[in-house]
Amino acid sequence: MSSKPAFKVLGRDTQRQDGVAKVTGREKFASDLSLPNMLHARVLKSPYAHAKVKRIDVSAISDPTVVTLTPDEVPDARFCPRLMSTPEATYKDWTVLTSKPRYVGETIAAVAAESEEAAQRALESLVVEYEEFTAVFDALGSMEPGVEPIHDYIELDEETLKVESNIACHLEIEEGDTEEGFRQADHVVERTYRTNRRYHTQLETKSVLVRPEPNGGVTVWSTTQTLHNTRILLHEIFGIPMGKIRVMKVPIGGSFGSSIQVNPVVPIAVALALKARRPVKLSYTREEDLHDHCSYQMIFKLKLGADREGKLTAGHLDAWLDIGAHQIQAYPLLGCVVGWWVSLYKLPAKSYVGKAVYTNKVPSCAFRGYGNPQITWAVETLMDELAEKVGVDPLDFRFMNYIGEGDLFWGQGPSVKSVIHSCGVEEILTKGAEMSDWYNRPRAETQTGRHRRGWGMGRGYHTSSAGAPVPGTVIDFGGAMLKLNEDGTFDYVSALMDHGGGTLDANAKIIAEELEIPHHKVNIVRADTGTTVYDVCTHASRGIYSGGGAALKVAAQVKQKIREQAGNLLDAYPNALKFRYDQQREQAVVYAEGIEGREITYKELAYTMRNKNLGTIAAVDSYRQPSCPPHFTGYFIEVDVDTWTGKVRPLRVIAGADIGTVINPKLAKGQIHGGLAQGWSMTVNEDTPYDPTSGDLWNRGFISDYKVPTSMDLPSLEAFTVFFADTYEPTGPFGAKGIGEGALNPVAGAVANAIQNALGVRFYELPITKDRILEALKRKEVEA
Amino acid sequence: MKIDVTINGRERSFDVPPNTLLLNLLRERLDLTGSKYGCGIGECGACTLLLDGEPVLGCMTLAVDCDGRTVETIEGLGDGDGLHPIQEAYLEEGAVQCGFCTPGFIMTTKALLEEEPNPSEAEIREYLKGNVCRCTGYVNIVAAVQSAAGKMR
Amino acid sequence: MNPINKHNTHIVMPFEYHQPATVRAAVEILRKHPGAKPLAGGTDLVPKMKQRLLEPKHVVNLKKIPELSVVEDRGDAVYIGAAVRLREIEKSETIRRRLPLLSSCVRSIGSVQIRNMGTLGGNVCNASPAADGALGLVALEATVHIAGPGGERQVEAKSFFEGPGLTVLGEDELVTGFTVPVPTEDTGTCFISVGRTALDISTISIAVALTMDGDRVKDAKVVLGSVAPTPIRLADAEKQLKGKTLTEKLVEDTAMKVSESIKPITDIRGTAEYRREASRGMAVEAITKAWREGRTQR
């Protein structure tokens, strides 16, 4: 049990400040925006998976008002659209447009016209001559000798690197004597796993509106998770002074990692707007969006050893990451894959060889969990298998080996190490086991008949931010500004994005808690790059831990200033002053206890200061968090497998999460609900296979053949239980940690283990579709 | 082609080419952007609106087909400053995350509760299955529909 | 050009819009403008126009033709107009009571929104091998009414389809409705389908109608979807059932026959092997349910 302070604001459900706009349809997303005199853009997509553009002829466009953009008209600088790492960890292989398309759907040219119809006609008038190259669609095949190089040279920092065997980058790590570790093991299991390549299916397609400004700058409204990195990248590409680039905060219609990088539509629209000298809007169709981004497909060869008591002795992991045609964050991901892996369970010795490989496919980017759901699925599957070999219950096996309080943790990769100071793993596993009656679940292979039931469990975590006590290769800090308004309310100004989880409301509540006022007194300002200090990005489940940390830091500074100013006006010692909220006046009151008349409300204070020309009480600051505490999660899931149709249904879900102090209970649970839905469908459904003949996605971009779960595919309200562990993170704002990604990471492992429990068959490839289940059952029947 | 359409209670006349889609008419001519483009092929439900009281998809409806008919979008819900009970319920239950799918869900919910004021959870889930939400896992949405049903009874 | 470059959030190509009030007038427009497309719910036609898979110069809205929107109980059959929306069929008390098989086929199509827009005629004319509505019509031995410049003709539902997207319909012809015979009281029916999610085109579907005399099968119809270029009736399986007394063993043997007699292909929704394998279990379930229902209804 933690000893949490009693909170006045935190832990209570409050209505989100953008709620009314969202339920009335008045919220404007990037794709909803328009400007007078705006042009509509369309982009030309490569029909070939690998080719060279020999010629683009725009002369057939009859409409003189059409603006065209070809590869020779854009800056030729190579860049990386994701700027979360230091330069020595940022590989650059992108250009605004390409004359060497490397996947079907890569953008070659763009047009802008008075209407979408006119843009379409112009697009169809472009004549392009290609020289086709052979293409490769498999990461392992791509490294074979003789395969057509996808990139010849790429850039790292100021260096030019030659690409060998289509390997984009690689990372090797060894800690301890792995060989000796395996020698000490009584049981060793090694398996090969292959994950799917999932599409985010964020509801809003990638969109941008750009207005060129008379000073030579641009104002940008785009789908993004990071305002400031968008500005930095546009500055790097176009050379526009940063003060003249304004990136505006607009709500984003779902992202799940797909806008950590600056989306390709953004620089294209900027180039068009600069050339046209008119506002340009570019909003993808769903089919274009499906050709824009996806998750990383990973192939793992994972080996774990344990002694006869069930203590892990060593592990080795080979990982091949299919990154598609470009690097978005391949190198940092190689570090995270090993980090996620070694921070799940204590491995006295471990070694890792990770390779990120180019293929002629849609570029992969972060997708909620950034490789963690993939590796955790493999580890949690193997942990079950190894437990069986050792002869202990899989849950007990996890109890014996998990990494928890006091342990060194480096989920975000080898350069981001810190020590864990809060851990709810025991509570999650113990409660989950009780609620699921875990130890009495059916035994695998004992069931017959059409419908078979199974329970599975999976546990995991994600980091809350990428903070650490010392600098590494990951950039992670944020900032905020807070000012007291003349009516006693506050303006909270931050570049931090809220993807819908209620991040900014949570941070407003943290401020309200500190300043002893209700949540609605803290106004969340929709700001832009010019009015905010730097914040890296909303990713890595850092919104509350880091963003809230920054909010708390400025709130404390503002509180101190209030003390000082009130002390002056009340003729009291600042540090002796107390704060309370007066419900009747609807004002916070600063007062000297026991002394009558020595009190002032925030409103009176701000007004008096204004009238006496004493200034505004405000604070602006940056904040670097000292750590990246894991938020732990665990899922116990019961499934029903229909052995006639191969369909798997969720029967019961019990989810426990250790997120430290819970700030928005319903929305925090909402993260778990959404994580379960995405993880469920990652396990049983989602993938973007390719048709090697056309080189295109097999579904050709149609969402009708990329299925995400509907309301009918998920468990009933009664069958889905979520609980929070009672923990307090000492480095977090009022004890809080993240939740977004941990909510997803262990789901696939739990579902896969449940399917194994029901059928007695283990699957090493995702997704475990109805087809694969029937195939496996048939194989089993034949073998028997 | 000249058409007369009642949109959110107001009669309006337009002259539109026949290839104009209702969704684009609303979004581009009237700036009623609450109805969203999500897929354009009837898979996601983000453009759900009510045509003569029934939920349909604006992305696949010709504007000319709406001549003489009544269209209700998310912007027409509630009265003045007050929220409709469904909107209130969505907020109270935490059914809104990114909010992009929310207008479509709310319009489908309105149609459901008008048709069946007391739906079972299974009926709610079946009725909403044409609306995709990628954030919430539908849990708080289903709870919001139940709560809205209670408020409206 | 990459086909996705033709996809649009708008219908880019202009067309002339027609809104005839009679079948005759509609047929006349189709005759006059070869390539003209009839529009009913728009759930298939409009996306195809947005993707430029179809670029008709003339579009003929059928929804203003009153005679296409009737549902009529004609005693031994129910007549359903081609432009009757799927949701109306689903809600129709007559169809639910008299044609429960068709009712459940229609309920499995798309979402509420899609069914509010889409029509039975559209579901059939689109000629998808996966069309659930078509499956019901074939199983119930419905007649398709077709109007053309030369007058009306009638075609059996199972002969209407010629392949994916292909029908016997001439360019200047129009489906006006369906006469669906009402199964006798002693007939049990069942429709089941499997998709990747609850909102999906069927990976495989089956409709069974068994007319029973106690446990003896008087007549049998077994129809599968998504296993051939069109919905198909499996004569072999039907033969195996007809005149026999049903036992669990016979059901299983017949299901095996179903599985053996189909030649499905692999597509993104499922593999050929999957369809063959799943058809067996689905046939067991559908035949068993139809059997139970036929027996008890008697």
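Of the 153 residues in chain B, 67% are buried (20 or more other C-beta atoms, placed from the backbone, lie within 10 Å of the residue's own). Keep in mind that this is a predicted model, where local features need pLDDT of at least 70, side-chain atom pairs count only at pLDDT 80 or more, and totals for chains, interfaces and linings use all residues. Residues are numbered from 1 along each chain as its sequence is written, while chains are lettered from A in the order in which they are written.

**Chain B on its own**
- Chain B has five helices and five strands, counted as DSSP runs (H or I, at least four residues, for helices; E, at least two, for strands) and numbered from the N terminus.
- Starting at the N terminus, the order is β-β-α-β-β-β-α-α-α-α.
- The C-alpha trace of chain B spans about 45 × 30 × 25 Å along its principal axes.

**Where chain B meets chain A**
- Here 44 residues of chain B are in contact with 44 residues of chain A; contact means C-beta atoms, placed from the backbone, within 7 Å.
- Helix 2 (85–92), helix 3 (102–115), helix 4 (121–127) and helix 5 (139–152) of chain B each put in at least two residues on the side that touches chain A.
- Helix 5 of chain B gives the most to that side, with four residues.

**Where chain A meets chain C**
- On this side, 35 residues of chain A are in contact with 25 residues of chain C.

Note on methods. Two residues are in contact if their C-beta atoms, placed from the backbone, lie within 7 Å. A residue is buried if 20 or more other C-beta atoms lie within 10 Å of its own, exposed if 12 or fewer, and partly exposed in between; C-beta atoms are placed from the backbone.
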